[in-house]
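Here is a colleague's note for someone meeting this structure for the first time. Please keep the sequence and the 3D view open while reading the points.

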Amino acid sequence: MDRVDRILEQWARERPGLDVTPMAVIGRLGRAAAAVDARLAATFARHGIDAATFDVLATLTRQGKPYELTPAELAADAMITSSAVAQRLNRLEGLGYVSRHPDPADGRGKIVRLTPKGLQVVERVLPDHLETERAVLAPLTESERSQLAVLLSRLAPGG
């Protein structure tokens, strides 16, 4: 019996006519997300970065050479707000991980480009990041992982 089971038991006792079964999934999903975030944060911290830094650098890396996007494309691809992108880019540019250049397609716009230093960070962190993800998923079989991925995609369509 875990904490969520105890919570369900308590609700069943206190409000027997109320269907609290959604809490079994949502409660565990929230707890699992927090545990995953904590493990990933520890991995990133060992490399002197945080999840937000890795997210931007990895998003740019995934684009392939020349590793660039507009800030709006970066926001959409990294699933963050444009104001969050601006804050992250200011910090990452200060660290020398990204650079901003005029957008040839839009005279008023900018292009964000991953620098060689930023690419080195991704190349150094990515194997450790993936190993942490593997460790998190280790209790599940390959079939269970595939099934979970499908089920979660139904809860977050387009995500």
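The numbered points below go through helix packing, a surface patch, some individual residues and the salt bridges.

1. Please keep in mind throughout that this is a predicted model, and that every value quoted here is computed from that model.

2. Two packed helices are described by the angle between their axes and the distance between the axes. For helix α1, which spans residues 3–14, and helix α2, the axes come within 10 Å and cross at roughly 145°, and the crossing is right-handed. On the α1 side the meeting residues are Arg-3, Val-4, Asp-5, Ile-7, Leu-8 and Trp-11, while α2 brings Met-23, Ala-24, Gly-27, Arg-28 and Arg-31 to them.

3. Between α1 and α2 runs a loop in which Leu-18 is found. With a relative accessible area of 42%, Leu-18 is partly exposed, because values between 20% and 50% fall into that class. From Leu-18 to Gly-48 the C-alpha to C-alpha separation is 47 Å, for two residues that are 30 apart in sequence.

4. Turning to buried positions, His-129 is found in helix α6, which covers residues 116–137, and it counts as buried because its relative accessibility is 9%. When residues up to four places away in sequence are not counted, His-129 touches Leu-40, Thr-43, Phe-44 and Phe-54.

5. Thr-53 has its place in helix α3, residues 51–62, and with 2% relative accessibility Thr-53 counts as buried. Leaving aside neighbours within four places in sequence, the contacts of Thr-53 are with Arg-91, Leu-92 and Tyr-97. Between Thr-53 and Asp-77, which are 24 residues apart in sequence, the C-alpha to C-alpha distance is 14 Å.

6. Side chains of opposite charge can pair when their charged atoms come close. How many salt bridges does a search of the whole structure find? The search finds 10 salt bridges, and the remaining points look at some of them.

7. Asp-55 and Arg-88 meet through their side chains in a salt bridge, at 3.7 Å from N to O. This pair links distant parts of the chain, with Asp-55 in helix α3 and Arg-88 in helix α5 (residues 82–94), 33 residues apart. Asp-55 is partly exposed at a relative accessible area of 24%, whereas Arg-88, at 18%, is buried.

8. In the salt bridge that Arg-100 forms with Glu-93, the closest N and O atoms are 2.9 Å apart. Arg-100 is partly exposed, with a relative accessible area of 26%, and Glu-93 is also partly exposed, with a relative accessible area of 33%.

9. Within helix α6, Glu-131 and Arg-134 are separated by about one helical turn, because they are 3 residues apart. Salt bridges that share partners also join Asp-2, Asp-5 and Arg-28 into one network. As for Glu-131 and Arg-134, their side chains meet in a salt bridge of 3.6 Å, N to O; Glu-131 is partly exposed at a relative accessible area of 45%, and Arg-134 counts as partly exposed at 45% relative accessibility.

Key. Residues numbered from 1 in each chain as written. Predicted model: local features only at pLDDT ≥ 70, side-chain atom pairs only at ≥ 80, totals over all residues. Heavy atoms only, no water. Axes fitted to C-alpha atoms, helices over the stretch in contact; angles between N-to-C directions. Helix = DSSP H or I, 4+ residues; strand = E, 2+ residues; numbered from the N terminus. Left-handed = near helix turned anticlockwise from the far one by under 90°. Contact = heavy atoms within 4.5 Å. Buried < 20%, exposed > 50% of the residue type's maximum accessible area, 1.4 Å probe, protein only. Salt bridge = Lys/Arg side-chain N within 4 Å of Asp/Glu carboxyl O.
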